[in-house]
Amino acid sequence: MKYLITEDFETNIATINTALSLPSIEATNYCTPERVTNIEHIDYDKFIIPVKTEGRWKCDQLFNTEDLVDFDETWYSVL
Amino acid sequence: MSLVLPTFSGFSHTPSVVAAEYDLDATYVISEFPVLHLDANVLDGSDSANNPSNGSFVSTWGDKSGNNNDFTEATNQPIFRSSLLRGQAGVEFDGSNDILSDSDFFSNEDFSAEEATMIVVGIPGRDGTGGFGVGTEDSTYQFVKTSNVTNATDSFGTSDYSANFLSSRLNAQALDSTYRQTPTSRPFINACKVGTNYQLFTNKRQRLSRSMTGLTFATGSGISLGGGGLNFPLSGYICEVLLFNTLLSDDDFNTVHDYLSEKYGLNIYSQISTSSYALDESNSVSFAPQFHFDANQSNTVLNSSYSNVSDGNDVYFWKDKSNDWYAIQPTATRQPSFVSSRTIGGTSTTSSALYFDGTGESLELWYPQWFGDYTTADKTAIVVYEPDGDTQFELLGLGASSSALMFGTGTTSYCGTFRGSRLGGVSLSQLSGTNGQMVEIYSDATANTYNISSQGTAAISQTTTSWSVTTNGSNRYIPQLGGATLSPSEGTAYRFKGWIYEVLIFDNIVTSSDKSALVSYAQSKYGI
């Protein structure tokens, strides 16, 4: 799994949905909007889109490799 | 729709059957005809082939009942969504001004008998792109407005109200003495029956029944969906509406719920068995669990077409084998995968499992409080699982907001399952970040204890319960297998990575002999 950090959730999700033929009987949606909640993070309030790199919902080929990042636990406020 | 005509036997002209029937679909038939049937899968009311493309504005939602009670809107049109649940469509309302209405509905239909039955499949909450799930909810909304009361006539969130077919609304927690609030996210079936009594149901679980004495049956001239421009408009979806000008019989009411349950994959209520429950040929417990998920049980790990998932593929439903209720995950990136055969770590035993990849995959238990008694702390949970080298994870979220039973090394474990507030900074040294294992959580209201064991060995004991109906029976919190309770967002830092083999959740505290039986069963089956 890789992640795309974006301010434009709807455009990126629309791209993924089109490529994966979603919505469908298999899934209602690809993912739901999730934001960077750590106010001290440089990407605070941007959207985090998980990008599957394998399996039925693989879609990393839709994005530039350099735009995809690994999971960063500092995206979130500490519980 | 079908009409069964009289038939003649021999020379007798006595009709053997005279009945009119309404076909809900090819399988489900009821004896009453609805005065209104809106089905988003047949948006024009006649042919699904005429459905618009996903995301189109809806100017007309055609009545499928044959009564031509179409709903229309010229300006503030909602959006057609082609596939919300199991490929079934819905209509999305924006929570602002979207509306569909039939302004002269009650002029055309006869409600003079002052009876009504209305059943709605809806989803409060939307993400703006046609989805729902983590991060979506609507806590104050109405699906259908049937009367002229100033405020909403439907049910809504933190304080419940209902005024469908009434001149004034019933309000607040008096609607439900056990405080099972109306859901604020995720799909459910909402029903209202009006006759000599006024009854409300969620997923076929009755939440209110009171006499109509002192209440006045009333309607407006028209009827509307989504409540746009009025109080508490819906931010969410309506998939189907059935309205009858009669008090539907129990048989028909059950048939409609069976039809909707199968069509949309929604759980409907039935009473949990209090008889003894066989775990296997050698072990049994005193009563049936509320949920029993077993990855080794055939026909329970399913895709959205109710077919068995093959090895490595994604899981949409995990069907409980005690009551046939589902854990579900309709969001693609969150679906766990099925492993048909795995040698359980630390053993030589092989088993099927569901694999959760640690990125947020989980299965959701929509509103378990509607399928049991969540007024008390008497609860038991058993999970057989194997972390995939995961030393900090939340395994079973059911209870405290955004929390779960969270394992961490040393004294960094937290226990939120079946709790209003979680225990913090405790040691669960019996658990481990690798290998197959079992955790048993016992919340006992009578003894006022909250104990956790692993394979029969105490890990935490003699800690008082922390039960809160408003937390554990909350309309907001979504329990999860493989993650923390959603509220509606989630704590994302400690997502479970590993395999879950079996889960049992009891709506009661099991006996000491039951505890022994559960441990014996799991050890024998999984070699742990």
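B:F356 stands opposite B:G498 in β38(B). Helices (H or I, at least four residues) and strands (E, at least two) are DSSP runs numbered from the N terminus, and two strands pair if DSSP finds at least two bridges between them. Strand β38 (residues 497-506) of chain B runs antiparallel to β26(B), and 4 bridges join the two. This is a predicted model, in which local features need pLDDT of at least 70 and side-chain atom pairs count only at pLDDT 80 or more, while totals for chains, interfaces and linings use all residues. Residues are numbered from 1 along each chain as its sequence is written, and chains are lettered from A and ligands numbered from 1 in the order in which they are written.

Strand β25 (residues 337-343) of chain B is also antiparallel to β26(B), with 5 bridges between them. Here B:R342 has B:S351 of β26(B) as its bridge partner. The two strands form a hairpin with 6 residues between them, and B:G346 in the turn has a positive phi of about 85 degrees. A residue is buried if 20 or more other C-beta atoms lie within 10 Å of its own, exposed if 12 or fewer, and partly exposed in between, with C-beta atoms placed from the backbone. In strand β26 (residues 350-357) of chain B, 7 of the 8 residues are buried, so the strand is largely enclosed by the rest of the structure.

## A four-strand open sheet

Chain B has an open sheet of 4 strands in the order β29-β31-β32-β33, paired antiparallel. Its edges are β29 (393-394) and β33 (423-426) of chain B; each has a single partner strand, so one side of each is left without a neighbour in the sheet.

Strand β31 (residues 405-407) and strand β32 (residues 413-415) of chain B pair over 2 bridges in the antiparallel sense. B:M406 stands opposite B:Y414 in β32(B).

## Helix α2

Helix α2 (residues 250-264) of chain B has 15 residues and reaches 21 Å from its first C-alpha to its last, close to the 21 Å expected at 1.5 Å a residue; the expected span is 1.5 Å times one less than the number of residues. Just after α2(B), B:G265 takes a positive phi of about 70 degrees.

The buried residues of α2(B) include B:F253, B:V256, B:L260 and B:Y264. The buried residues of this helix pack against β3 (29-30), β7 (79-85), β8 (88-94), β10 (116-124), β14 (188-194) and β18 (235-244) of chain B.

## Surroundings of B:H292

B:H292 lies in strand β21 (residues 291-294) of chain B and counts as buried, with 22 C-beta neighbours inside 10 Å. Leaving aside residues up to four places away in sequence, B:H292 touches B:D320, B:K321, B:S322 and B:L504; two residues are in contact if their C-beta atoms, placed from the backbone, lie within 7 Å.

Chain B contains 4 helices and 38 strands. The radius of gyration of chain B, taken over C-alpha atoms, is 24 Å, close to the 24 Å that the globule rule gives for 528 residues, so the chain is as compact as a globular protein of that length. That rule is 2.2 Å times the number of residues to the power 0.38. Buried residues make up 56% of the 528 residues in chain B.

In the interface, 31 residues of chain B are in contact with 23 residues of chain A. The chain B side has 7 nonpolar, 21 polar and 3 charged residues. Ala, Val, Leu, Ile, Met, Phe, Trp, Tyr, Cys and Pro count as nonpolar, Asp, Glu, Lys and Arg as charged, and the others, Gly among them, as polar.
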